[in-house]
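Keep the sequence beside you as you read.

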Amino acid sequence: MTYWSLIYEKFDPKEEPLREALCTLGNGRFATRGAAEESRADGMHYPGTYLASGYNRLDSAIAGRTITNEDLVNFPNWLPLKFRPEDGDWFNLMAVDIITYRQELDLKKGVLKRKVRFRDHSQREFTVESRRFVHMANQNLAAIEYSITAENWSGYIIVNSELDGSVINAGVERYRELNSKHLETLNVFEGPDPDIVCLLTRTNQSHIHFAEAARTRVYRDAQLFEPERATYKDQDMIGQELTFEIQQGETITLEKIVSIYSSRDRAISEPSFEARQALRHCGRFNELLISHEVAWKFLWRKCDVVMKPSNSNQMIVRLHIFHLLQSVSPNTVGLDSGVPARGFHGEAYRGHIFWDELFIFPFYTFRLPQITRSLLIYRYRRLNMARHLASAEGYKGAMYPWQSGSNGCEETQILHLNPHSGTWGDDYSRYQRHVNIAIVYNTWQYFMLTDDKEFMVLYGAEMILEIARFLSSIAQYNKIIKRYEITKIMGPDEYHEKYPDEDAPGLRNNAYTNVMTVWVLERALDLLDQLSQENLEEIKEKLSLHKDEIEHWQNIIHKMTIPFHGDDIISQFDGYENLQEFDWEHYREKYGDIKRLDRILKAEGDSCDRYKVSKQADVLMLFYLLPPKELRRIFIQLGYEFDDDMVKRNTTYYLARTSHGSTLSRVVHASVLDRIDRATAWEMFCAALESDLTDVQGPTPEGIHLGAMAGTLDIVLRHYGGIDTSEEIIAFHPRLPDTLHGLNFRLCFRGHWYELDINKQTFTLTVEADELDCVVTNINGALHKLIPGKAHKFSFKPQYDLSEA
């Protein structure tokens, strides 16, 4: 078995939507789902192509209201290659006898392969073999190699190679009542060479010009020959019909090279001109493949994680790395683009950017920090919109939206369709203000890992201070309890939108939001202490940040409310203890899969608001982000106790009340449980690993879950590899679970590359830092001077007190 490939050995129509998402190919600029070349959007297949930040906004009439939604647009389909014998039907896997079938996603090289041998109704046998890639080195190119072998017959074959601009957004069933036609075709034309066709479209609101050009050539015995060629077109499509003779046992190979340009590209004249010219100067499929594979080789050198022993988990880990690098790559740097929670693999969540960045960014920051920098600048460019959103709600500072798209306004839908009941209801998820906490956390973590002072001065400081200003403005002083409170809020749980029998949305004192608000304000104060005098004076003047406001922040970090109930259980929010316990056994027996309890209960006329149930980790997010020693310090500072059993006690309590209705939930639980119950933590980790591959969460066919993918990789790094970057000196304390015998990976910390090779009894650490005589590193709690280029071997240290980890 290869651990570099995702392989399917049979054709299964029911699995095609999932496979198409998992076999998506991309390069950080655009991505195309892994649909077969001959397929069309038909309920089973969905060949979508998506452009980074390729959004468009449309109005729809729903439930008596006009609502506006911004979507990641499904751009024209460049895949179509279909064929038939001169007197036969177009190739369709559903209409032939399949003799053999194999589809392979080569993760190492970024190539999707398929080989099918089949028999048609006339007993003719064919072998069709295809290879496809989206070029990682040349961000505007993609290519298909398509070979047809006539196994037991001779005759003529007709091939159609097309560019299809008639596509709409129809990849998510629950969105299909909404307006979905985002494109208008501006032109279809041939040339400049006879084997090149071009399609130029434009989004009908955002006016993104998008051009695709295709060059289709035919080869016999590796020699180019010219078939009978005829161009056909209509309003939204252009193609070429190629006719040629094939002999029994002969293989004819077609190469379809495609160039894609948009008005969002830099240093171009006009998209359709650039797309056509690019094809005149590029080589054949195999020539392009060489530079594409080299680009992937360099990425894997930095990003691979080797697990010992190699098993199915190894392949899944690499699958996660692969999709992260396809969604955001070095090609993304300089683009005004964020990272959608569901990647560029489908249309779920409309391609919007959420708090999932909190889980996604560490992967890039440890390996390709320039990517994190670019993604943070996406947020910085929308700082003024965040200020406007805060002001519109009566708050100070900058309030980033729960869902972000093109310009940073709040893209969260007003109405949400419940697929269990088929009804539309109000969507209150915009009250999840913790997306702002995620932005500060990511900014601070990037700074800690890179020491990028220039970024902090130019971009990061302003975001951190303005978010701190916003969070301090939603914290109101309660004179009765003599503490600050935050009201009208939703936590990460998402099941609880409001109190039972109340109409107004929002909750009081979500523990995660309150504690992390204190953490954000502390980071803002630390930042002010770290800035140079000149930079400090400039930003204070720019933001009109005065002494009394800073003193207000200092007051909040000592007087914030943390709700408790029962036996020292941190309450998810004020009033949580008054909710009813839920009959888990009854609902599991009734429905089986109850991960989306919110939809099930609403369909019954009930609500999660009445019960002690959680969709995903909420209180436990505190233990996921901050080490116990940091939380203990904050709690004591606020006047609350934090004993040695706090993490275990609360984890046990909330784990029993969580449905894991989000792929992120098992990531957080696997991480937190690793301090408490390593066997259960490993089970959670494996479940999180497989969530997209087996579509246990659903619906992966609409898009993968990048946060869960990146989160599993972070567990490998931080927990099994024992990496701690909370201080200025990086620390290593590997802690392999029993089922792992070893790990090998590389990471970058403050400009130095480290390679960690872990075995059961020892581990070896090598650092690359040519300009230094030594690099000080914390190993097993003690400082060591590492000589660059030398492999330093260490023994495992007995477990230290994890309550202080």
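**A serine, a helix and a helix pair**

Ser691 counts as buried because its relative accessibility is 5%; buried means under 20% relative accessible area, exposed over 50% and partly exposed in between, with a 1.4 Å probe and protein chains only. The model is predicted: local features need pLDDT of at least 70, side-chain atom pairs count only at pLDDT 80 or more, and totals for chains, interfaces and linings use all residues. Residues are numbered from 1 along each chain as its sequence is written, and side-chain values use heavy atoms, with hydrogens and water left out.

Ser691 sits in the loop between helix H19 (678-690) and helix H20 (706-720). Helices here are DSSP runs of H or I, at least four residues, numbered from the N terminus. A polar atom of the Ser691 side chain lies 2.9 Å from the backbone oxygen of Ala688. Leaving out residues up to four places away in sequence, Ser691 touches Thr663, Val696, Gln697, Thr700 and Ala708. Contact means heavy atoms within 4.5 Å.

Next, look at helix H5 (residues 357-367). H5 is mostly covered, with eleven of its eleven residues buried. Among them are Glu357, Phe361 and Arg367.

Last comes a helix pair. Two packed helices are described by the angle between their axes and the distance between the axes. Helix H17 (residues 646-655) and helix H18 (residues 663-673) pack at about 150°, with axes 11 Å apart; axes are lines fitted to C-alpha atoms over the stretch in contact, and angles run from 0 to 180 degrees between N-to-C directions. H17 is therefore roughly antiparallel to H18, a term for angles over 145 degrees. Val647, Thr651 and Leu655 of H17 meet His669, Val672 and Leu673 of H18.

Conventions. Helices (H or I, at least four residues) and strands (E, at least two) are DSSP runs, numbered from the N terminus. A polar contact is a pair of N or O atoms within 3.5 Å; within protein, one must be able to donate a hydrogen and the other to accept it, and residues adjacent in sequence count only if both atoms are side-chain atoms. Angles under 35 degrees count as roughly parallel, over 145 as roughly antiparallel, 65 to 115 as roughly perpendicular and the rest as oblique.
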